[in-house]
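I opened a new notebook page for this model. The entries below follow the order in which I looked things up.

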Amino acid sequence: KVYRHISALLAGRLRNNNDALLASSFLSVKGRAARALLSLAEAFGEDVGSARILIHQRISQGDLAAMAGIARESLSRILQEWTRNGLIKRLASYYCLENKSALEREAEN
């Protein structure tokens with residue numbers, strides 16, 4: 001039983017590493033940024049109504065850029081565009097995903 005559990009954990013980690021490698025190699029800069037935000041939403045998000053997800057984890061733009069594997073300046077431009085288009089909002093040090101489905105489409109490109 002212990003070996004099965006360890007095998008499942010290792011397989012999951014390997015799958016996550018493969019996904020991260022593929023994302024950094026083949027996704028666009030916007031896709032990587034969207035994927036990082038969606039990953040945070042999955043781990044720390046809370047549905048606050050109207051399909052909005054508040055990420056209950058303070059994260060700097062530098063940290064988010066590092067998660068996405070892109071320059072902080074590029075991330076800043078992307079976040080500004082998404083804010084103008086109503087995809088996200090910045091509330092203090094927290095992010096709120098206003099349109100998760102649009103971000104998921106960005107993550108696929």
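This is a predicted model: local features need pLDDT of at least 70, side-chain atom pairs count only at pLDDT 80 or more; totals for chains, interfaces and linings use all residues.

**Entry 1: a cut-off first.** Buried means under 20% relative accessible area, exposed means over 50%, and partly exposed lies in between.

**Entry 2: overall layout.** I listed the secondary structure and got five helices and four strands. Along the sequence I read the pattern α-α-β-β-α-α-β-β-α. I boxed the C-alpha atoms along the principal axes and found roughly 50 × 30 × 25 Å. The chain has 109 residues, and buried residues make up 31% of them. I computed an accessible surface of about 7,100 Å² for the chain, with 51% of it on carbon and sulfur atoms. I then took the contacts with a separation of 6 or more. Residues 24 or more positions apart account for 56% of these.

**Entry 3: helix α3.** Which residues of α3 are buried? In this helix, residues 61–68, I found L64, A65 and A68 buried. I looked down the axis of α3. The buried residues fall within an arc of 100°, so they line one face of the helix. I then asked what covers them. The cover includes α2 (29–44), α4 (72–84) and β4 (94–97). G69 follows α3, and I read a positive phi for G69, near 75°.

Entry 4: I59 sits in the loop between β2 (53–55) and α3. Is I59 buried or exposed? I59 counts as buried because its relative accessibility is 9%, and the cut-off for buried is under 20%. I set aside the neighbours within four places in sequence and listed the contacts of I59: L40, L64, M67, R90, S93 and Y95. One of these, L64, is also among the buried residues of α3. I checked I59 against Y95 separately. They are 36 residues apart in sequence, yet their C-alpha atoms are 8.4 Å apart.

**Entry 5: Y94.** I moved to strand β4, where Y94 lies. Y94 counts as partly exposed, at 26% relative accessibility. Leaving out neighbours within four places in sequence, I found Y94 in contact with L54, I55, H56, Q57, R58 and K89. With R58 there is a side-chain polar contact of 3.2 Å. I also took the distance from Y94 to A43. The two are 51 residues apart in sequence and 14 Å apart in space, C-alpha to C-alpha.

**Entry 6: salt bridges.** How many salt bridges does the whole structure hold? My search found four.

- R52 and E98 form a salt bridge, with the closest N and O atoms 3.0 Å apart. R52 lies in the loop between β1 and β2, and E98 lies in the loop between β4 and α5 (100–108), so the pair ties together parts that are 46 residues apart in sequence. R52 is partly exposed, at 26% relative accessible area.
- E73 and R72 meet through their side chains at 3.9 Å, N to O. E73 is partly exposed at 44%, and R72 is partly exposed at 38%.
- E104 and K100 pair up with the closest N and O atoms 3.8 Å apart. Both lie in helix α5, four residues apart, which is about one turn of the helix.

Entry 7: Where does S50 lie? I placed S50 in the loop between β1 (45–47) and β2. Phi of S50 is near 55°, a positive value in a residue other than glycine. S50 is exposed, with a relative accessible area of 71%. A92 also went on the list: it has a positive phi of about 55° although it is not a glycine. A92 is in the loop between β3 (88–91) and β4. At 66% relative accessibility, A92 counts as exposed.

**Entry 8: a surface patch.** Last, I looked for nonpolar side chains on the surface. V2, I6 and L10 form a nonpolar patch there, with about 290 Å² of accessible area together. L10 belongs to helix α1 (residues 2–26). L10 counts as exposed because its relative accessibility is 54%, and the cut-off for exposed is over 50%.

Conventions. Residues are numbered from 1 along each chain as its sequence is written. Side-chain values use heavy atoms; hydrogens and water are left out. Buried means under 20% relative accessible area, exposed over 50%, partly exposed in between (1.4 Å probe, protein chains only). Helices (H or I, at least four residues) and strands (E, at least two) are DSSP runs, numbered from the N terminus. The arc is that of the directions from the helix axis to the C-beta atoms. Contact means heavy atoms within 4.5 Å. Patches are made of residues with over 30% relative accessible area and no salt bridge: like charges are joined within 9 Å, nonpolar side chains (Val, Leu, Ile, Met, Phe, Trp, Tyr) within 5 Å. Accessible areas come from the Shrake-Rupley method with a 1.4 Å probe; for residues, only the protein chains shown count as cover. A polar contact is a pair of N or O atoms within 3.5 Å; within protein, one must be able to donate a hydrogen and the other to accept it, and residues adjacent in sequence count only if both atoms are side-chain atoms.
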